[in-house]
Amino acid sequence: MPRQVYEYESPDRFVAGTTGQPGSRTFFLQVRAGNRLTTVQLEKQQVSVLAERVDELLDEVLRRTQGSATVPALAPSRTEDTAPLDTPIEEEFRVGTMSLAWDGELERVVIECFEQGENAVEDEDELPDTDEEAEGAVLRVSLAGAAARAFAKRALAVVGAGRPPCPFCTFPLDPDGHICPRANGYRR
């Protein structure tokens, strides 16, 4: 079966979001263009790393171009998106690996999310989308600098909106209680 590619050039919306209560949340990336909607599931750590790397990539682009690239230093307030995920939330696949790149010609951030699983591709560079042996789905999103900054800002806020950290050990506090290793005299 050929690789399923969900490709979006300048989508109307690209966000990270969650369902569930803090401590048992499920994380998603969701992209919408017109009536087309694609949702993929991933881990909290993947969302966090992706958002951090997007910001780092844009900062590096600004540094290397000495500010001449059309990339804002901060997410413009007009691009802020605090709305919940679009429904229905039907995941297309679970993300295994991701790639991030800067397209200098188009001045866009390109994010690719590859399906996790046995049939998913181990090394994405070896099997292009047109290769008949390529299996597993891929989500490819191309974003302008402002949209990428807005994505990163929201994604970091979503990750940070979970359980508050313990002031002593920094592990997450559970609603049912917390056994703090520092309060119990345990030290490494």
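Contact here means heavy atoms within 4.5 Å, and helices (H or I, at least four residues) and strands (E, at least two) are DSSP runs, numbered from the N terminus. Axes are lines fitted to C-alpha atoms, for helices over the stretch in contact, and angles run from 0 to 180 degrees between N-to-C directions.

Welcome to the tour. This is a predicted model, in which local features need pLDDT of at least 70 and side-chain atom pairs count only at pLDDT 80 or more, while totals for chains, interfaces and linings use all residues. Residues are numbered from 1 along each chain as its sequence is written, and side-chain values use heavy atoms, with hydrogens and water left out.

**Stop 1: the whole chain**

Start with a cartoon view. Of the 188 residues in the chain, 38% are buried (under 20% relative accessible area; exposed means over 50%, partly exposed in between, with a 1.4 Å probe and protein chains only). Among the contacts with a separation of 6 or more, 61% join residues 24 or more positions apart.

**Stop 2: the sheet**

Next, colour the strands. They make an open sheet of seven, in the order S1-S7-S6-S5-S4-S3-S2, with mixed pairing (two strands pair if DSSP finds at least two bridges between them). Select 5–9 for strand S1 and 13–19 for strand S2: these are the edge strands, each pairing on one side only. From one strand to the next, the twist averages 30 degrees.

**Stop 3: two hairpins**

Stay with S2 and move on to S3. The two pair in the antiparallel sense over seven bridges, and Thr19 stands opposite Thr26 in S3. They form a hairpin with six residues between them, and Gly20 in the turn has a positive phi of about 95 degrees.

Now select residues 26–33 and 36–42. These are strands S3 and S4, an antiparallel pair joined over seven bridges. Show Leu29, which stands opposite Val40 in S4, and then Ala33, which stands opposite Arg36 in S4. This hairpin has two residues between the strands, and Gly34 takes a positive phi near 65 degrees.

**Stop 4: the helices**

Which strands does H1 lie across? H1 lies across S2, S3, S4, strand S5 (91–103) and strand S6 (108–115), and runs at about 15 degrees to S5. Then select 145–160 for helix H2, which lies across S2, S3, S6 and strand S7 (138–143), at about 5 degrees to S2.

Zoom in on Ser48, in helix H1. Is Ser48 buried or exposed? Ser48 counts as buried because its relative accessible area is 11%. Leaving aside neighbours within four places in sequence, Ser48 is in contact with Leu156 and Val159.

**Stop 5: the largest pocket**

Finish with a surface view. A pocket is found on a 1 Å grid over the protein atoms alone, as an open set of points where a 1.4 Å probe fits, with protein on both sides within 12 Å along at least five of seven lines; lining residues have an atom within 4 Å of a point. The largest pocket holds about 220 Å³ of space. Its lining has 17 residues, and Asp12, Arg13, Phe14, Ala147 and Ala150 lie nearest its centre. S2, S7 and H2 are the elements that give two or more residues to this lining, and H2 gives the most, with four.

Technical notes
Points joined across faces, edges and corners; volume = space filled by probe spheres on them.
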